[in-house]
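Visitor: I'm new here. Could you show me the structure and let me ask how you know what you say about it?

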Amino acid sequence: MGYVREVNDTQTLPPADASPGRVILLTTSHRVAPGLLSWPAWQALHGADAVLCGDAGHPQLPYLREAGVTVTHASPTAEELVDACAGGRTVVVVATAEGDRPLTDGLARLAGSGRVAMPDLELLPASYDLPGARLLDLVQVMDQIRVACPWSSQQTHKGLAKYAIEEAYELVEAIEDGDRDELREELGDVLLQVVFHARIAEEGGPGEEDEPFSIDDVAGGIVDKLIHRHPHVFGDDSADTPEDVKAHWLRTKAVEKQRSSLTEGVPVGQPALALTAKLASRVRTAGLEVELPSGEGIGYELLTLAVQAEAQGIDPEAALRSAARAYREAVRTAEATNL
């Protein structure tokens with residue numbers, strides 16, 4: 001077995017005979033802390049006749065050795081691995097980050113040939129990604145891009161602000177179109193904006209008041225807010241209807257913000273119909289009697305229509321956008337007719 005190069009004590013694999021044995025390909029997730037393996041994985045590792053790994057720097061190796069598992073640094077070919085299993089032996093191969101594609105392809109080729117007595121082949125996931133694990137990859141990739149990309153490394157919060165608005169509108173369009181693939185992509189683009197801004201914020205700012213914060217601070221803040229504003233889920237309060245939930249939310253938010261005016265926190269830079277609807281919603285929720293301002297021109301007429309729409313449960317911005325999309329199709333029809 002000249003292909004074996006050991007990283008622990010010197011060892012050799014037992015001699016082969018005619019029994020095919022068993023190969024276990026052990027896979028782990030780099031998004032889960034090393035050493036946190038499933039019980040079947042630990043059983044396989046301790047019960048194997050040999051444990052091989054082609055990566056001497058594999059993050060799992062220190063924990064395997066600490067648990068008393070002897071690991072041999074080896075990158076056998078498919079033929080060599082089949083020979084190593086002969087005699088009914090079990091060999092565990094700890095998969096590298098690249099996935100040991102040449103080995104698995106070679107085993108598949110041998111099995112398909114029908115000329116080799118193949119050992120039993122088993123793929124055993126030793127650890128699984130938790131929900132949201134790929135977000136860690138996004139944070140890592142964004143960190144690399146921020147450092148190495150000439151364009152990304154120069155971006156600021158202000159410079160990126162327009163992209164956040166564009167991506168939000170593209171997300172809304174995907175939702176209105178009902179396109180699932182487009183929805184998934186646009187959600188990713190919006191998420192990228194959040195991660196990008198958080199990465200920039202890690203560097204702080206020119207003034208002492210610009211304290212750095214990270215994506216973990218962003219996520220931690222929204223987690224705390226969600227828990228605090230859902231006492232019917234995480235506390236002793238109860239809510240049986242969506243209206244109860246909204247009432248909970250508004251009461252908690254009012255205590256948190258301690259605003260002197262219900263207009264505070266309403267961004268005036270949003271589209272005019274959406275701005276009007278938001279103000280009207282707060283006025284209606286507060287039970288405040290407000291006389292609409294009077295004036296000449298289409299602006300005041302639109303204001304009245306937007307307030308009326310909100311009172312009827314209609315989003316005037318979405319309603320006008322829907323009508324505009326119908327208008328767009330009418331334009332295209334007219335263009336086609338005039339060709």
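This is a predicted model: local features need pLDDT of at least 70, side-chain atom pairs count only at pLDDT 80 or more; totals for chains, interfaces and linings use all residues.

Visitor: Why is tryptophan 42 called buried?

Guide: Buried means under 20% relative accessible area. Tryptophan 42 has 15% relative accessibility, so it counts as buried. You'll find tryptophan 42 in helix α1, residues 39-47.

Visitor: Which residues is tryptophan 42 in contact with, leaving aside its neighbours within four places in sequence?

Guide: Those are Gly35, Leu37, Tyr63, Leu64, Ala67 and Val69. A contact takes heavy atoms within 4.5 Å.

Visitor: What makes arginine 109 and glutamate 79 a salt bridge?

Guide: The cut-off is a side-chain nitrogen of Lys or Arg within 4 Å of a carboxyl oxygen of Asp or Glu. For arginine 109 and glutamate 79, the N to O distance is 3.3 Å, and their side chains do meet in a salt bridge. Arginine 109 lies in helix α4 (residues 101-113) and glutamate 79 in helix α3 (residues 78-85), so this pair ties together parts 30 residues apart in sequence.

Visitor: And what do you call glutamate 79, with its relative accessible area of 35%?

Guide: Partly exposed sits between the buried limit of 20% and the exposed limit of 50%. With 35%, glutamate 79 is partly exposed.

Visitor: How do you know which partners glutamate 329 has in salt bridges?

Guide: Arginine 328 meets glutamate 329 at 3.7 Å, N to O. Arginine 332 also forms a salt bridge with glutamate 329, the closest N and O atoms being 3.3 Å apart. Arginine 332 and glutamate 329 are three residues apart in helix α13 (residues 316-337), so about one helical turn separates them.

Visitor: How many salt bridges does a search of the whole structure find?

Guide: It finds 17. There is also a network of salt bridges linking Glu176, Asp177, Glu317, Arg321 and Arg325.

Visitor: What makes the patch on the surface negative, and which residues gather there?

Guide: Asp and Glu count as negative. The patch gathers Glu166, Glu170, Glu173, Asp179, Glu182 and Glu185. Helices α6 (157-177) and α7 (180-201) each supply at least two of its residues, and α6 gives the most, with three.

Definitions and conventions. Residues are numbered from 1 along each chain as its sequence is written. Side-chain values use heavy atoms; hydrogens and water are left out. Helices (H or I, at least four residues) and strands (E, at least two) are DSSP runs, numbered from the N terminus. Buried means under 20% relative accessible area, exposed over 50%, partly exposed in between (1.4 Å probe, protein chains only). Patches are made of residues with over 30% relative accessible area and no salt bridge: like charges are joined within 9 Å, nonpolar side chains (Val, Leu, Ile, Met, Phe, Trp, Tyr) within 5 Å. Accessible areas come from the Shrake-Rupley method with a 1.4 Å probe; for residues, only the protein chains shown count as cover. The place of a charge is taken as NZ of Lys, CZ of Arg, CG of Asp or CD of Glu.
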